[in-house]
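The file goes here before the notes.

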Amino acid sequence: IKAQPTNANKHLHLGSGGSGAQDPVPNEVIMAVRKVTDLPIWVGGGIRSVEIAKQKADAGASVIVVGTHFEYEKGFAQVESFAKEIKGNFTENNVT
């Protein structure tokens with residue numbers, strides 16, 4: 001897991017090994033980072049389901065980064081339904 005400030009420190013990106021990562025960033029790590037910053041937290045790597053994406057949002061992620069999953073699983077048709085299902089979770093947590 002690596003955390004890196006990006007875009008002139010306007011957000012943090014927590015990743016678990018880059019494209020095609022096997023395991024996502026643990027929720028405990030996201031929660032710990034959220035406790036010490038108000039910056040948006042982008043989380044990516046290993047997010048292969050709506051449920052995992054929701055867990056990351058509940059833990060404090062501001063943005064869920066997915067990509068490789070859609071290259072291999074059901075193509076781009078799945079992107080819209082994935083986004084719609086997790087959007088409500090971000091709205092509930094006052095994240096856009």
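I began with contact range: of the contacts in the protein chain with a separation of 6 or more, 51% are between residues 24 or more positions apart. I note that the model is predicted.

Next I looked up burial and found that 36% of the 96 residues of the protein chain count as buried.

For secondary structure I listed four helices and four strands. Along the sequence they follow the pattern β-β-α-β-α-β-α-α.

I then turned to the core. The largest nonpolar core has 15 residues, and Leu14 and Val43 have the most contacts inside it. I listed the elements that give two or more residues to this core: β2 (11-15), α1 (27-36), β3 (41-44), α2 (50-59) and α4 (77-92). The most comes from α2, with three residues.

I followed up on Val43. Leaving aside its neighbours within four places in sequence, I found Val43 in contact with Leu14, Val25, Ile30, Lys56, Ala61, Val63, Ile64 and Val65.

Last, I checked the helix pair α1 and α2. Their axes are 8 Å apart and the packing angle is about 30°. I logged their crossing as right-handed. On the α1 side the contact is made by Asn27, Ile30, Met31 and Arg34, and on the α2 side by Gln55, Lys56 and Ala59. By class I recorded three nonpolar, two polar and two charged residues in this contact.

Terms used. Residues are numbered from 1 along each chain as its sequence is written. This is a predicted model: local features need pLDDT of at least 70, side-chain atom pairs count only at pLDDT 80 or more; totals for chains, interfaces and linings use all residues. Side-chain values use heavy atoms; hydrogens and water are left out. A nonpolar core is a set of buried Ala, Val, Leu, Ile, Met, Phe, Trp, Tyr and Cys residues joined through side-chain atoms within 4.5 Å. Buried means under 20% relative accessible area, exposed over 50%, partly exposed in between (1.4 Å probe, protein chains only). Contact means heavy atoms within 4.5 Å. Axes are lines fitted to C-alpha atoms, for helices over the stretch in contact, and angles run from 0 to 180 degrees between N-to-C directions. A crossing is left-handed if the near helix is turned anticlockwise from the far one by less than a right angle, and right-handed if clockwise. Ala, Val, Leu, Ile, Met, Phe, Trp, Tyr, Cys and Pro count as nonpolar, Asp, Glu, Lys and Arg as charged, and the others, Gly among them, as polar.
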